[in-house]
Amino acid sequence: MQFEVWAPKAQERVDLHLEGTGRDGPDRRGGASPVVLPMERDQGRPGWWTAETAPAPADGARYGFALDGGPVRPDPRSRRQPEGPDGRSAVVDQAAYDWRVPWPGRPLPGAVLYELHIGTFTREGTFDAAAARLAPLAELGITHVELMPVCPFPGTHGWGYEGVSLWAVHEPYGGPEALKRFVDAAHRLGLGVVLDVVHNHLGPAGNHLPAFGPYFTDTHHTPWGAAVNLDAPGSDEVRAYLRESALAWLRDFRLDGLRLDAVHALADHRALTFLEELSTAVDALSADLGRPLFLIAESDLGDPRTTTPRAQGGLGLHAQWNDDFHHALHTTLTGESQGYYADFAREPLAALAKTLTHAFFHDGTYSTFRGRTHGRPVDRTRTPAHRFLGYAQTHDQIGNRALGDRLSATLSPGLLACAATLVLTGPHTPMLFMGEEWGATTPWQFFTDHPDPVLAEAVRSGRRREFAAHGWAAEEIPDPQDPATRERSCLDRSEQAREPHARLLAWYRELIALRHAQPDLADPDLAAVRVAYDEGARWLAYRRGDLRIAVNLSARGVEIPLDGLSTDSSGRVLAAWDPVAAPGADGVLRMPPESCVILTDG
């Protein structure tokens, strides 16, 4: 077996430290002794060192690299870290897992995504426990689950965005084999699996990459410090490290897509950007495997070129989260106007109408929050709407609030039903956040598990300072390090059998079934969407093919003239939150307070 490592910072030597012969790690009962093998420079690849071992070590054998007589460090491309980010790496035989489900793939167009966090989806917080809870999602009509990051991070519980070892799987979740079991279970139910990966930074603890090479650069700075090196000397190998890890997730774990965290924080001034390079490689892998693969960007740039095909001058990513839709919907529902909500809150229904028809709200308009013009218009004639994900709630938009409170903490069941209607009948690709479908009352709070007490206190005090600036007292902010913070964030499925949760869950199921059954709801033509609204009366209606969708967000009944959305002023009710009659001869729809309805012509 060949071991290799890119370690240009090694001056004189790199040693391979290899322990044990099996998956239980070092043999401490008199078996084979740990060995130290000097590695040789690879003359054809500057900075690379290699060593051959025979016979090949067994799956689970521990190993690490020592540069110039220094400490033994984990492999930057480690596929498993059984003892955590600072422990030895473990050999993983990718061919050892017996895949049980042939999988042709599931493409993004027509999808309904479901974002979930393995550590709080169940109280057990493991892949196996989560896999046992997937059947209800398939029955609900979900097509893909989107996992929050699963790379190793310090401790047991955390969001995953402080991960290191970008090729490995967090051991407390179950490690790489458990992830494969999870994917197999999802595919058996017809569910695709998307994974959130973080390329813009690594966590503050357990990051050994700087000891090996120029993985980071001071040329650019990010909110997390020095930037990942995508354009400075040595960046070819750093790009390869990120690109090949992404391909490994898709290939070795049979994933269907990747969500790329905060791509706007990737500082990259090269002519061929990393994102374009990555999308090219993923498209090539898709062709090789014979199944669809896709990349979803989280981007704050408001730039349609992110998802414009490469042949048309774009980066070629396949979709992007659309926070503009979220912000417009959130301000419409809650009336909040702080921070980045300010511009949306001035005329929230107008903002919502714009995001339903043009995707971006800021498309070259002035952003008060940024103090400058922001965004670029979407070319609706050649940009399918499924390239934009629409959602009412995400891990960010809940967890980055002071108390991690969901919409269900403040909104009535009727308004939650309206939010679901706007998400699941809009032109975008809809995405739910776990528990949203029954109006879960459990918060989703920011939690960490740093073993280092200094780092733990820095995180705790930093979060309290952040919210103190917004008027929160320190004692009101949940302690990220307190295990109770994570416990509070775990879903309580017993709610599903009680009202109003059961009724809301049934509404989500009905809406998703309609989305799959009605071709008009899958129409990717943004320019075909027609919207009418009344800011003062707080209603909004829009047309999608032969369907008309209306929401009344007011606490009073309203009359909605639908003649401007259709030549047929009648119609019949396909689905309604509260009983409502079809429009009369006058073309007016009379709706009860805080309600929603889907109509079809004729």
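**A helix, a strand and a sheet**

Modeller: Gladly, starting with helix α4: its buried residues pack against α1 (118–121), α2 (127–131), β10 (144–147), β11 (192–197) and α6 (235–252). Contact here means heavy atoms within 4.5 Å. This is a predicted model, where local features need pLDDT of at least 70 and side-chain atom pairs count only at pLDDT 80 or more, while totals for chains, interfaces and linings use all residues. Residues are numbered from 1 along each chain as its sequence is written, and side-chain values use heavy atoms, with hydrogens and water left out.

Biologist: What makes α4 largely enclosed by the rest of the structure?

Modeller: Buried means under 20% relative accessible area, with exposed over 50% and partly exposed in between (1.4 Å probe, protein chains only). Eleven of the 14 residues of α4 are buried, so the helix counts as largely enclosed. Among them are Phe182, Val183 and His187.

Biologist: How does the reach of α4 from its first C-alpha to its last stand against the expected value?

Modeller: The expected span is 1.5 Å times one less than the number of residues. Helix α4 (residues 175–188) reaches 20 Å, close to the 20 Å expected. Just after α4, Gly190 takes a positive phi of about 85°.

Biologist: What makes β22 a strand, and how is it paired with β21?

Modeller: Helices (H or I, at least four residues) and strands (E, at least two) are DSSP runs, numbered from the N terminus. Strand β22 covers residues 539–544. Two strands pair if DSSP finds at least two bridges between them; five bridges join β21 (residues 530–534) to β22, and the two run antiparallel.

Biologist: Why is β22 called mostly covered?

Modeller: Six of its six residues are buried. Trp539, Ala541 and Arg543 lie on one side, and Leu540, Tyr542 and Arg544 on the other. In a regular strand the side chains alternate between the two faces of the sheet.

Biologist: Which strands make up the open sheet, and in what order?

Modeller: The order is β21-β22-β23-β27-β25, with antiparallel pairing. β21 and β25 (572–576) each have a single partner strand, so one side of each is left without a neighbour in the sheet. Neighbouring strands are turned by 20° against each other on average, direction ignored. Axes are lines fitted to C-alpha atoms, for helices over the stretch in contact, and angles run from 0 to 180 degrees between N-to-C directions.

Biologist: Which helix lies across β22, β25 and β27?

Modeller: That is α15 (residues 501–517), running at about 130° to β25.
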